[in-house]
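Have the structure open as you read.

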2 protein chains.
Amino acid sequence: MAAKRSSAQSNRSQRKSVSLQSVQEPHGDPPLSLDRIVATAVELLDAEGVDGLKMRRLADRLGAGAMSLYWHVDNKEEVFDLALDAVLEYRGAPQVDEPEDWRDEAVHLLQDWRASMLRHPWSASLLSRRALGPNILNRLELLSKTLSRAGVADADLNVAIWSLWNYVMGATITRASFGLSDDDRAAAQQRLTGLSEHYPTIERARLLLDSDWDGTFRKGLDFLLDGLSPGQNSGSR
Amino acid sequence: MAAKRSSAQSNRSQRKSVSLQSVQEPHGDPPLSLDRIVATAVELLDAEGVDGLKMRRLADRLGAGAMSLYWHVDNKEEVFDLALDAVLEYRGAPQVDEPEDWRDEAVHLLQDWRASMLRHPWSASLLSRRALGPNILNRLELLSKTLSRAGVADADLNVAIWSLWNYVMGATITRASFGLSDDDRAAAQQRLTGLSEHYPTIERARLLLDSDWDGTFRKGLDFLLDGLSPGQNSGSR
DNA sequence: GATTGACTCGTACGCTGTACGATTAGATTG
DNA sequence: CAATCTAATCGTACAGCGTACGAGTCAATC
């Protein structure tokens with residue numbers, strides 16, 4: 001009998017980030033591993049949402065017993081944390097050292113961030129946990145570097161990063177929680193029409209109705225970047 | 001025996017908004033009511049967090065049997081939705097019709113929004129549910145009206161509202177999930193110092209460390225408002 | 001007095017996360 | 001070779017959860 005390794009290695013920050021790519025066995029039941037567990041958890045979350053992830057079901061999908069998971073993982077919470085970070089791996093081109101347009105670079109970084117999360121809508125609702133996995137930190141570092149190279153002073157970097165982060169996270173959560181499906185839009189329409197008398201301005205703005213979410217996100221992002229770069233020529237680009 | 005009224009009235013959008021104020025009985029066990037249930041749920045959430053809210057405990061606090069709650073409420077989810085909206089009631093002065101500085105008004109509205117949620121940190125983690133309660137809608141309407149009176153064209157209103165909403169929600173969730181306590185900050189410090197080699201720019205920005213959250217929020221908000229009001233004089237104010 | 005409808009609640013069920021300890025298989029050691 | 005150790009798996013069991021169901025209470029109405 002061995003002492004569960006959990007406490008010995010539950011130092012999660014040290015554990016190398018889990019990749020979703022590398023797990024592709026042809027058939028049979030390959031041995032359990034953290035990578036397989038996380039990859040399957042992401043599958044399950046994609047298919048059934050946050051409430052659909054149960055330890056027994058996860059184990060079933062892996063062809064394993066439920067309790068076998070606990071050798072690799074401390075508890076269910078950790079599965080969530082790992083799944084969230086796994087989904088946030090950045091697969092973009094490594095930054096070059098040429099100046100390039102920093103603004104394009106920042107926009108691309110942030111749009112990709114949002115898109116990655118919207119591909120797995122459950123990830124937005126997990127954001128409230130204080131999990132700074134390596135992939136999140138990596139994205140933050142890339143963003144910081146971009147802004148820094150753009151000439152943002154170290155003293156202002158904090159504000160700039162947080163503003164952009166906040167905007168992206170808010171937009172993503174909002175987008176993920178309001179429907180991606182047409183049914184949801186219909187429901188929203190239904191909800192709002194009855195109340196237009198109490199909320200006339202909301203109705204005038206056509207809030208929530210036939211919105212171009214991606215375009216709205218982009219426009220707002222540009223506004224924010226305009227504000228953040230007072231020196232630049234803040235055209236609408 | 002009566003048919004549960006649930007389905008008949010679970011038309012939540014019609015139900016008048018629940019107030020936290022009005023529930024103050026000296027002692028004894030006043031009869032159950034939706035107001036009391038929601039108010040007590042908020043208490044319990046404040047004290048124990050999201051995971052601390054169990055139907056049995058909620059009922060205990062109310063001096064009632066667990067199943068009695070289900071006469072007033074469809075399920076636990078609805079308790080969450082109602083608690084979230086209850087906490088978002090706006091207690092500010094009703095808007096006057098004088099012009100006033102629209103920018104100050106908007107800033108005040110958004111700061112109050114954030115502050116209201118930070119007073120109940122669990123509320124941030126509930127944001128991912130698509131619950132547009134009356135109090136949220138009311139705040140959105142106020143914000144819309146302010147922007148509209150400031151001269152924002154109806155066509156741009158949608159973007160403006162969502163940008164501000166996204167920013168505020170992102171900031172609030174981030175602030176609520178990263179620590180309010182000193183222990184949390186110490187932990188963050190601990191986490192980051194080991195990794196400074198991998199994330200040098202993050203460290204230079206002193207991200208997450210001894211940050212003035214309120215000030216950062218305010219500054220970023222100003223940047224966003226600068227971007228949103230291209231016509232105005234976009235001073236640092 | 002009988003009936004009704006609003007409201008309360010005890011019991012029970014299915015499901016959850018996971019503690020505990022037995023079991024196995026492979027490597028290491030004498 | 002046998003003995004021992006370590007990593008990994010999993011069956012069983014338990015406490016706690018949300019809530020379905022139906023019986024119970026009480027005031028208002030006929």
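Two residues count as in contact if their C-beta atoms, placed from the backbone, lie within 7 Å. Helices are DSSP runs of H or I with at least four residues, numbered from the N terminus. This is a predicted model, where local features need pLDDT of at least 70, side-chain atom pairs count only at pLDDT 80 or more, and totals for chains, interfaces and linings use all residues. Residues are numbered from 1 along each chain as its sequence is written, with chains lettered from A and ligands numbered from 1 in the order in which they are written.

Let's start between the chains. In α12(A), T216(A), K219(A), G220(A) and F223(A) meet N158(B), V159(B), W162(B), S163(B) and N166(B) of α9(B). α12(A) and α9(B) are therefore roughly perpendicular (65 to 115 degrees).

Now for α2(B), residues 34-48: its 15 residues reach 21 Å from first C-alpha to last. Among its buried residues (20 or more other C-beta atoms within 10 Å of their own) are I37(B), V38(B), A41(B) and L45(B). The buried residues of α2(B) pack against α3, α4, α5 and α7 of chain B. After α2(B) comes G49(B), with a positive phi near 80 degrees.

How far to trust chain A? pLDDT is the predictor's confidence in each residue, from 0 to 100. Chain A averages 84, and 84% of the residues score at least 70.

| Stretch of chain A | pLDDT | Contacts beyond four places in sequence |
|---|---|---|
| residues 6-14 | under 50 | three contacts |
| residues 22-26 | under 50 | five contacts |

Definitions and conventions. Helix = DSSP H or I, 4+ residues; strand = E, 2+ residues; numbered from the N terminus. Expected span 1.5 Å × (residues − 1). Buried ≥ 20, exposed ≤ 12 C-beta atoms within 10 Å, placed from the backbone. Parallel < 35°, antiparallel > 145°, perpendicular 65-115°, else oblique.
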